[in-house]
Structure formats: C-alpha cells, structure tokens
Amino acid sequence: MESGGGPARITCAEVMSWELIYRATVYIAEEAGIALRNSAFSPNIRERMDHSVAVLNADGEIVAQAEHIPVHLGSFYIGVKNMFEALRGAGVELEEGDVVVLNDPYISGTHLNDVMVVTPVFWRGRLVAYLVNKAHHVDVGGPVPGSINPNAKTIYEEGFVLPPVKIMRRGELNREVLSVWLSNVKTPEATLGDLNAQIAANVVGSRRVVDLFEKYGERVAEAWRAAIDYGRRVAEEEIAKWPRGVYAAEDYLELGDEFVKISVRLAVDRCVEADYTGTSPQVEAPLNAVLGVTYAATSFPIRSLMRGEVPTNEGFYSCISVRAPEGSLLNPRKPAPVAGGNLETSQRVADAVFKALSQALPDRVPAAGSGTMMNVMMGGVYQGRYWSYYETIGGGTGGRPGKHGVSGVHVNMTNTLNTPIEIAERVYPLLFTAYRIREGSGGRGRWRGGDGIIRAFKVAAPTRLAVLADRFKTGPWGLHGGEPGKPGRVYIKKASGEVLELQSKTVVDLDPGDEVVIETPGGGGWGPPDRQPTTF
C-alpha cells in the first residue's frame, strides 16, 4: 500500500494477517454470487441459485469459493486449468476489459448448461487475479426443452457447444459471438439476461479485488499464497487422523434395463488417491461424466467428512488426486454426451466414495441419500412464445450415527433450492396440485432415512416433458443393517384417466390437463431397525 510519502508499512498493531485478507476474499466470492442471483433473468438461477463463484490468483489457482454448488466448485479445479491451456494453445492473451465465456464440458468440466464466465482482474496495469463463475442456463439449444436430452447419443444432440471465446474485448461486447449463440437457443431473452448477470457479477467481484489490492498492496498475493498453503496443511492433518489403507466400493446407475458400474478404490495416506479403474466404459447415453465432474464428486465426500474448517481452495484440492481411465464412464472421449453425468453420475460417484469411506470411518459416514437430482425439463409454445423450464427436486438424506436423515432437501452434489410454486405458476403454464413430504419413503433403521418429496402439477398447454433421474429400480442403500429408502417414481395421470408410468430417463409429450406426479427417493437407514432409539 502506498501513500503520498512512499510505501506505507502495516504493523502488527493494525491486525493485518493473511487470514484477514483470505476471509475478505471469501466474502468477495459470496458478494459476487449474490449479485449474480439478484440480477439473473431465469428462475433457475434467481430462485434456485444454480450458480457458483470463485476467486483465482494470477497463476489461475483457486484462492476462495462461495458456498454454492458442489459439482460446480470441485470442477473449477479442472475446468480453469483446461481453459487456460486452451487459450494458450490458441495463442490468446487476456487484456484488461476482456471477458471469456465457454460451455464446452470437455474444457469447462461439467455440462453444456453450465456457462462459465472468466474475467481477468488488473491492478495498476498488472494482472493480479481472475473472477470465475458458472451458472446453469435453462436453454443452450438442442432438441429437448431444458437442453438435457435423455436420448442423446452425442454431445451435439444436447445443445450448442461454445469453446473459450472473448465475449468482451477491452470492454466492448463481441456482438458476432453473441449473435451466433443467441441464434442457437429457444429463449434468447433469458440467455442474454443470465449472461449479463454473470458478466456483472464478475465486475462486482473484480472491483472488490482491486479495492483489496489498493488497501493492502502486494500483501494480498502473499496472503493468498499463505491461505493455499494452509489449506493443504489442514487437509493433510485431517486425513492423517483417518485409518490408512485402501478402501473399495461399487455402485450402479440405471440405463434402460441394464446397470452401469462405478468402481472406486481410495488409497488413504497423507492425502487421498481415487482410482476408478473397473468402472464401465463410456455409453451412448448422457450419463458420461467429464473429469471435472468426477473430480468434484470425489472431493465433496472427502471434504464433508473432515472435521473443523478446511478452506476449499487450491491447497485442499491438491491433496486429492483422481485417476479415471480415458474412454470410461468417468472420463469419456468427445463427443460422448455428458448432460446427465453432471447431474446423476456425480451423485452416484459421491455415493460410491461415501460407501468406500464407511469402511474407514464407520461412525461418521451416513447411509445413502436420495441419489438423484430428479431433473425435470419442460417446454413448448404458449400464448405465441416459447418457454423452457428446468428444476431439480430434493429427496431424503441417509440416516447417520446418532441422528435420523433429513426429509425433503437437496442431497450431496446439488445445493440448490426447489423452485417456489408461486414463481413457477406465474411464469409458466403450470398448475401445481401437490407439494409435500413423501412420508414413509426413508429406509428403516436405528436412525431412519429422511423422506423424499411428492411434487405434482398439471400443464395448461401442449408440453414436451423430459425426465433424467435415477434410483427408480433400487433404493438408496442403508448402512450397518439399515434398510434402503424407497425408489423414485414418476407417472402421468392423463386427462382421459389413463395412468402412464415413466422410466427414469425419458421424453414424452403432454396434453393440456395432463398431471405429472413425481415421487423422489428417501434416504437409506443406518443401523438395524430393531434397535430404534428411545428419543429423537
């Protein structure tokens, strides 16, 4: 920090430490996230908060993240490195006023709907940081409303693929890129509104970072380095308390009448190495998970089982390594479709990692949660305009040592909210007929699983419905003698009185007056059901 008389020294009496600067940086990410939420156009971001923000240092390392979506946050560790490598390979340099946008999952690390926006931050003419955010756009093109196509066999049947490009150059909007993008979506107004919110959120974060450098000068970069080192050290100290060894587990996803396998071996030593050798090969269905998703779904359970406060920055992430064979379900080759990998496969990876760690930490790991994001996509033409709707629906968490599971919440890799009925009915041709807890759906156990949700609605116009979910054939597993939760279910009550049962991954056309009923899984039970606790 400088004053009129030259460099000013900050003394101990001024209580300046790396932690103060680090905490301020976390709040910058939080404030940028709030700005994104408040200015977003679509209810999926504005109401459900399907977005995430991180602050990177000048080397592109994660310094701080807001507590947003787990599958976004962990993917940043892979995605930003891929993006910088792609820009270097193309000979692109970032200048002040530039903003990069992309959604190619094989670079950004999740799926096409998650649009990633990156803004370099300059202070006194020098690059000092980056602001990065992801937000789930309800429409990124493709044949299905919501751009999540359960029938996709390639990524090109999911939507518009955008590599890293400058959407702004030196502060000027790149209208050519924007025009191509908006020409490929069904709801361009929502796309433009949400993109503007993302750019604005990074502006807010960038200004706060500059304020931080104006106040503390070069000490900011030093503090960020200390925070990353601290994150690594604390992660190592926490993992050192776990029993060393190799712990393996398997879990499965539904694909038609078959199951695809996720196999994991966790080597716990000073850090954790996850090896997914033995997992099923990639499939011609949107269940493949790019490496960023696999990494996020691996790091989330590990972070969740650490006690105390561990910064989720580059230091923490550097203590977790992931190996997934190329061409497998968890590291597919392009152009494999990946929309559901971010959604359903991430949940199953987290389940498998939790199951493996239950061998090392039996008194800490809960039974399986609902295990599905229960993705519901709808759209059509109503009153002369195209509409597109997307939401995920929560379920029950698994029973855990000393406590029952929680009912009607989003579990594991999603941290969003359910869309308020009032908002959905005001914006879309929908009339909700039920929204309640699915009582008795949690697995029995000494500590029972939380219950799922029943959510039902009628459509007021011809509508195409897509469902991408899981845990319809087998319920979430229990632990230590606990029983599994009830599987999920989706069915349609036709206006004619006919009832149609839907598979977990399907596309169907609805007529006005048709009612869709969604029942999400409950969590598994923990401990033998004949040893019920005397108090709740």
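Q: On what basis are the values computed?
A: The model is predicted, with residues numbered from 1 along each chain as its sequence is written; local features need pLDDT of at least 70, and side-chain atom pairs count only at pLDDT 80 or more. Totals for chains, interfaces and linings use all residues, and side-chain values use heavy atoms, with hydrogens and water left out.

Q: How much space lies in the largest pocket, and which residues lie nearest its centre?
A: On a 1 Å grid over the protein atoms alone, a pocket is an open set of points with protein on both sides within 12 Å along at least five of seven lines, a cavity is a set where a 1.4 Å probe fits but cannot get out, and lining residues have an atom within 4 Å of a point. Points are joined across faces, edges and corners, and a volume is the space filled by probe spheres set on them. In the largest pocket this space is about 1100 Å³. Its lining has 45 residues, with E67, F300, R303, S304 and T312 nearest the centre.

Q: Which elements give two or more residues to the lining of the largest pocket?
A: Elements are DSSP runs numbered from the N terminus: helices (H or I, at least four residues) and strands (E, at least two). Here they are α1 (18-39), β4 (62-65), α3 (70-89), α8, α9 (314-317) and α10. The largest share, 7 residues, comes from α1.

Q: How does the lining of the largest pocket divide by class?
A: Ala, Val, Leu, Ile, Met, Phe, Trp, Tyr, Cys and Pro count as nonpolar, Asp, Glu, Lys and Arg as charged, and the others, Gly among them, as polar. This lining has 23 nonpolar, 13 polar and 9 charged residues.

Q: What lines the second largest pocket?
A: The second largest pocket holds about 540 Å³ of space. Of its 23 lining residues, F41, Y386, W387, V427 and Y428 are the closest to its centre. At least two residues each come from α2 (43-46), α6 (188-216), β15 (385-392) and α11 (421-427). The classes are 10 nonpolar, 6 polar and 7 charged.

Q: At what angle do α8 and α10 pack?
A: Axes are lines fitted to C-alpha atoms, for helices over the stretch in contact (heavy atoms within 4.5 Å), and angles run from 0 to 180 degrees between N-to-C directions. Angles under 35 degrees count as roughly parallel, over 145 as roughly antiparallel, 65 to 115 as roughly perpendicular and the rest as oblique. Helices α8 (residues 291-304) and α10 (residues 339-360) pack at about 40°, with axes 8 Å apart, and are therefore oblique to each other. The residues of this contact comprise 10 nonpolar, 6 polar and no charged.

Q: How are α6 and α7 placed?
A: The axes of α6 and α7 (residues 219-239) come within 8 Å and cross at roughly 110°; the two helices are therefore roughly perpendicular. In α6, V209, L212, F213 and Y216 meet R219, V220, A221 and W224 of α7.

Q: Which peptide bond is cis, and where is R124?
A: The bond from K334 to P335 is cis, with omega near 20°, and P335 lies in the loop between β13 (320-323) and α10. R124 lies in the loop between β6 (114-123) and β7 (126-136) and has a positive phi of about 55° although it is not a glycine.
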